[in-house]
Structures are given as C-alpha cells and as structure tokens.
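Thanks for coming. Please have a look at the structure first.

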Amino acid sequence: MRIQTKQRIQHQKGQQNHLHVKKGDQVKILAGKDAGKTGTILEARPDENRVLVDGLNMVKRHTKGRSLPGAGNIPGGIIEKPAPLHVSNVQLICPNCSRPTRHAHKIGPDGKAVRACKHCGEMIGGGQGG
Ligand SMILES: [Zn+2]
C-alpha cells in the first residue's frame, strides 16, 4: 500500500519574495514594445514579482478631472505612466561592465551579503537607498 503525500509550498502572507533586481538597478527589457531598451527601476514590488521601470512600458491613462476632499483638484486628461513589468522580463545590467548579467552573492568586507556581477566580479548596487 502506497501513501501519497502532497507537498505544496505555500506563500505566506507578509513574507516577501526576493527579486533579483531592486530599486535603482539598471535593467534591460526583454519583452513587450520596449524590448531591448534599458532603464532604471523606479519601484520594486516583490509581492507581485513586478517592477516599474522609468520611462519604459509606458501606458496612457485617460483620467477625469475631479476634486477630492483633502487632495485638492486633480486635473483630467491623458497621463502616461510606466506599467509594471514582470521580473522575468527584465535583466539586470551591471553598472561596472554594462553587460546584462546575473548576480552572484558575495559576503562583503562588513560581513553583509552583497551582489556581485558574474562577469567582472564587481559589486552591484551597494547599499545605497535601501
Ligand atoms: Zn560586471
């Protein structure tokens, strides 16, 4: 007699996924209308596995003018804003050798984990800005 056990990895609420890119990173877009272009990550959303890239994957939003209590008047019109891209559609670009790269984990001189370029071995990002 066989007992089958199903093991499922559950995503717990509040537990943050780890993205291979973070805010401030230079990335290359691999899919969509801006494929091949590069930009800087404005915002990382680990819970959605998505990132916002400055000036890329822009979408037009038609908004109506309205007034909100406390927020004042919001003008209507067409605004362009970056749509979130899935992290699998962006590739990290090394700021040191300017090549699309994967990063390796290294332990820095202060004992903290840092990211390093697999091509040139230089550290990526540092700790600036979080
Ligand atoms: Zn590099």
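Let me begin with a definition: two strands pair if DSSP finds at least two bridges between them. The strands themselves are DSSP runs of E, at least two residues long, while helices are runs of H or I with at least four residues, and both are numbered from the N terminus. With that in place, strand S1 (residues 26-29) and strand S2 (residues 38-45) run antiparallel and are joined by 3 bridges. Gln-26 has Thr-40 in S2 as its bridge partner, and Lys-28 stands opposite Thr-38 in S2.

Two remarks on where this comes from. Residue numbers start from 1 along each chain, following the sequence as it is written. The model is predicted, so to speak of local features we need pLDDT of at least 70, and side-chain atom pairs count only at pLDDT 80 or more, while totals for chains, interfaces and linings use all residues.

Now the overview. How many helices and strands are there in the chain? There are 0 helices and 12 strands. Written out from the N terminus, the order of elements is β-β-β-β-β-β-β-β-β-β-β-β.

On to the sheets. One of the residues involved is Ala-44, whose bridge partner in S3 is Val-51. S2 and S3 also form a hairpin with 4 residues between them, and Asn-49 in the turn has a positive phi of about 55°.

A second open sheet has 3 strands in the order S10-S11-S12, and the pairing is antiparallel. Strand S10 (103-107) and strand S12 (123-124) are the edge strands, each pairing on one side only. S11 and S12 pair over 2 bridges, and Arg-115 stands opposite Ile-124 in S12.

Next, what is packed inside. A residue is called buried if 20 or more other C-beta atoms lie within 10 Å of its own, exposed if 12 or fewer do, and partly exposed in between, with C-beta atoms placed from the backbone. By that count, 17% of the 130 residues in the chain are buried. A nonpolar core is a set of buried Ala, Val, Leu, Ile, Met, Phe, Trp, Tyr and Cys residues joined through C-beta atoms within 7 Å. The largest one here has 15 residues, and those with the most contacts inside it are Val-21, Val-27, Ile-41, Val-51, Val-53 and Val-90. Strand S3 (50-53), strand S9 (90-92) and strand S11 (113-117) each supply at least two residues of this core. The core also draws at least three residues from each of domain 1 (16-93) and domain 2 (95-130), where the bounds come from an automatic or database domain assignment.

Contact, by the way, means that the C-beta atoms of two residues, placed from the backbone, lie within 7 Å. Leaving out residues up to four places away in sequence, Val-51 touches a list of residues including Val-21, Ile-41, Pro-84, Leu-85 and Val-90.

Now a strand of another kind. Is S4 largely buried or largely in the open? Of its 6 residues, the number buried is 0, so S4 lies largely in the open. S4 runs antiparallel to strand S7 (residues 77-82), and 6 bridges join them. Take Lys-60, which lies in S4 (residues 58-63). Lys-60 is exposed because 8 other C-beta atoms lie within 10 Å. Lys-60 stands opposite Glu-80 in S7, and beyond four places in sequence Lys-60 touches Ile-78 and Glu-80.

Last, two backbone angles. Most residues other than glycine have a negative phi, and most peptide bonds are trans. Asn-57, in the loop between S3 and S4, has a positive phi near 55°. Asn-57 is buried, because 22 other C-beta atoms lie within 10 Å. Ser-98, in the loop between S9 and S10, has a positive phi of about 60°. Ser-98 is exposed, because its count is 12 other C-beta atoms within 10 Å.
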